[in-house]
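Please keep the sequence and the structure in view while going through the numbered points.

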Amino acid sequence: MQEHELTSPHERFDARVQRRSALVLKNRVLDQEQSQFESTVAWARADPGLERIAGLVVAARRRFILGAAKSFTYASLLAMDLSAGLANVALIDGTIVRPLDVLSDVRSTDVMVAISLSRYRKYTVEVAERFSRAGGTLIVITDSADAPLVSLAQESLIVNTASASFANSPTSVALVIHVLATLTTASAKGAGRRLRERDRLGRDLGLYVEH
């Protein structure tokens, strides 16, 4: 089986991980991640898409973040960082914020950031498709130009998740989320005041361990 045909974790485990010494495997993974980081930094410097997407998120009245399975972890990270500096950021978790509630009241001023990585979950694709067709602005973070939601998105970021491990690399995804959250918060009106108030409340409520 060719490398690009390894679509599931067990196939990647058999091909890349099994029956290799810990030292060899460690060095292969670290070399791959170092290369991944460097190429992502170079791409991000040259691609103006991050600035455009940050502008769309700032301009929106409501911001919805979507992801499923492992992508839900990335979606949670983005939602957490964005909500520190912006109001009206909602992570669609299926319980507190449900797709049904969001899709029944989509407005043209709404933005959804959908994180959809291989293997692409039907849940994410179907919710994002309906959001886009209802008139909201769809932004997609994915790992292939042929991914299901790219053709529907107003903006998309294609990240490289190639890895020497059985698990796809999180390096590029985490870096893109970090840069996007930083650019968005930096240009959001009132972000500084909001961050200061959150710090004050954190101290008053005793949320953190003092050391």
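1. Throughout this note, a residue is called buried under 20% relative accessible area, exposed over 50% and partly exposed in between, with a 1.4 Å probe and protein chains only. Helices (H or I, at least four residues) and strands (E, at least two) are DSSP runs numbered from the N terminus. The model is predicted, with local features requiring pLDDT of at least 70 and side-chain atom pairs pLDDT 80 or more, while totals for chains, interfaces and linings use all residues. Residues are numbered from 1 along each chain as its sequence is written, and side-chain values use heavy atoms, with hydrogens and water left out.

2. The UniProt record, in an unreviewed entry, lists residues 53–191 as "domain: SIS"; positions follow the numbering used here, feature names are shortened, and such annotations may be inferred rather than shown by experiment. Over residues 53–191 the chain is 41% helix and 19% strand, and the end C-alpha atoms lie 17 Å apart.

3. An open sheet of 5 strands runs in the order β2-β1-β3-β4-β5 with parallel pairing, where two strands pair if DSSP finds at least two bridges between them. Its edge strands, β2 (89–91) and β5 (155–158), each pair on one side only. From one strand to the next, the twist averages 15°; axes are lines fitted to C-alpha atoms, for helices over the stretch in contact, and angles run from 0 to 180 degrees between N-to-C directions.

4. Strands β3 (residues 110–116) and β4 (residues 137–142) pair in the parallel sense over 6 bridges. Met112 stands opposite Leu138, and Val113 stands opposite Ile139. Because 6 of the 6 residues of β4 are buried, this strand is largely enclosed by the rest of the structure. Thr137, Ile139 and Ile141 are buried on one side of β4, and Leu138, Val140 and Thr142 on the other. In a regular strand the side chains alternate between the two faces of the sheet.

5. Which residues of α4 are buried? They are Ser71, Tyr74, Ala75, Leu78, Ala79, Leu82, Ser83, Ala84 and Gly85. The buried residues of α4 pack against α3, β1, β2, β3, α7 and α8 (191–204). Ser83, in helix α4 (residues 70–85), has a relative accessible area of 16% and is therefore buried. Leaving out residues up to four places away in sequence, Ser83 touches Val89, Arg194 and Arg198, contact meaning heavy atoms within 4.5 Å.

6. The largest nonpolar core has 29 residues, of which Val57, Ile65, Leu78 and Val113 touch the most other members. A nonpolar core is a set of buried Ala, Val, Leu, Ile, Met, Phe, Trp, Tyr and Cys residues joined through side-chain atoms within 4.5 Å. At least two residues of this core come from each of α3 (49–59), α4, β3, β4 and α7 (171–186). A second, separate core of 16 residues includes Ile92, Val106, Ala114 and Val125.

7. Helix α6 (residues 122–133) lies across β1 (62–67), β3 and β4, at about 160° to β3. The structure holds 1 aromatic pair: the rings of Phe64 and Phe131 have centres 6.3 Å apart and planes at 75°, so the pair is edge-to-face. Rings of Phe, Tyr and Trp (its six-membered ring) pair if their centres lie within 6.5 Å; planes under 30 degrees apart count as stacked, over 60 as edge-to-face and the rest as tilted. Since Phe64 lies in β1 and Phe131 in α6, the pair ties together parts that are 67 residues apart in sequence. Both Phe64 and Phe131 are buried.
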